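Colleague: Could you walk me through how to read a few features of a model like this one?
Modeller: Gladly; let's open it together.

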Amino acid sequence: MASSNGPLRVAAIGDLHVQEDSVAPYRELFAEVSNHADVLLLCGDLTNFGKTTEAEILAEDIKSCSVPVLGVLGNHDYECGQPEKVVEILRGAGMIVLDEQAHEIDGVGFAGVKGFMGGYGRGELAPFGEPIAKLFVDEAMNEARKLENQLRTLRTERSVAVLHYSPIVDTIEGEPEAIFQYLGSQRLCDPIDRFDHVKAVVHGHAHHGTYEGRTPRGTPVYKVAQFVVKPKFGRRYALLEI
Ligand SMILES: [Fe+2]
Ligand SMILES: [Fe+2]
């Protein structure tokens with residue numbers, strides 16, 4: 001295990017999409033991760049439809065991981081309208097599901113939210129006009145607020161922000177430009193760039209695109225969706241030193 005002063009080895013994988021007919025889909029992978037990393041981050045879309053049976057299958061595999069597992073839900077985990085049940089099952093297996101409260105492991109802080117869509121720069125949806133348009137934008141703002149509140153509570157010199165949606169355009173380059181606004185929100189970037197201790201951001205959601213980018217302030221952002229990581233590294237998870 002890393003000391004509180006040395007680098008922490010962080011494995012990260014997004015978009016697991018566990019299905020109800022899967023048989024121990026991540027058991028071997030999580031066991032392998034335990035040999036190479038001090039912490040495992042799961043970046044949302046843990047299940048395919050947010051079914052409890054899917055969550056139970058993943059929960060069993062999480063038990064095979066001997067290092068702490070932290071993470072956030074993705075939009076797929078909301079599909080059945082019972083994300084709180086998915087969270088309960090995963091927490092029951094020992095996973096730390098980030099949403100309202102940051103967590104610290106060996107001197108490194110972890111803050112995480114699912115995030116939301118809404119777009120970037122000139123293409124960003126504004127909270128204007130119809131109530132439903134304002135509600136839509138509110139969701140992204142609320143997620144950014146939750147992330148900021150978690151980051152503010154951390155007293156560590158190093159931290160990692162864990163997201164499902166992308167805070168920047170760089171890591172979704174390669175996806176069709178027409179869907180950029182559904183892949184994330186620039187509003188998630190503001191809290192990240194406000195705190196010196198954020199050393200890296202990991203996210204999923206877009207199954208194609210680019211592995212690495214940076215926030216406007218220069219903080220590295222890694223898109224760890226397994227479909228992007230696998231062709232690049234020959235394994236389904238990213239490994240970072242924080
Ligand atoms: Fe996904
Ligand atoms: Fe997603």
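**Contacts, burial and metal site**

Modeller: Leu-46 touches Leu-16, His-17, Val-18, Leu-58, Val-72, Leu-73, Asp-77, Leu-90 and Met-95, leaving out residues up to four places away in sequence; contact means heavy atoms within 4.5 Å. This is a predicted model, where local features need pLDDT of at least 70, side-chain atom pairs count only at pLDDT 80 or more, and totals for chains, interfaces and linings use all residues. Residues are numbered from 1 along each chain as written, chains are lettered from A and ligands numbered from 1 in the order written, and side-chain values use heavy atoms, without hydrogens and water.

Colleague: Is Leu-46 buried or exposed?

Modeller: Buried means under 20% relative accessible area, exposed over 50%, and partly exposed in between (1.4 Å probe, protein chains only). Leu-46 has 0%, so it counts as buried. The C-alpha atoms of Leu-46 and Val-18 are 6.2 Å apart, though 28 residues separate them along the chain.

Colleague: Which residues coordinate the iron ion (ligand 1)?

Modeller: Donors are N, O and S atoms within 2.8 Å of the metal (3.2 Å for Na, K and Ca); water is not among the atoms, so sites may look incomplete. Here they come from Asp-15 (OD), His-17 (NE2), Asp-45 (OD) and His-207 (NE2), at 2.0 to 2.3 Å. Of these, Asp-15 is buried at 0%, and His-17 is buried at 12%.

Colleague: What is the spacing of the donors along the chain?

Modeller: For the iron ion (ligand 1), the pattern reads D-x1-H-x27-D-x161-H. Asp-45 also coordinates the iron ion (ligand 2), 3.6 Å from the iron ion (ligand 1).
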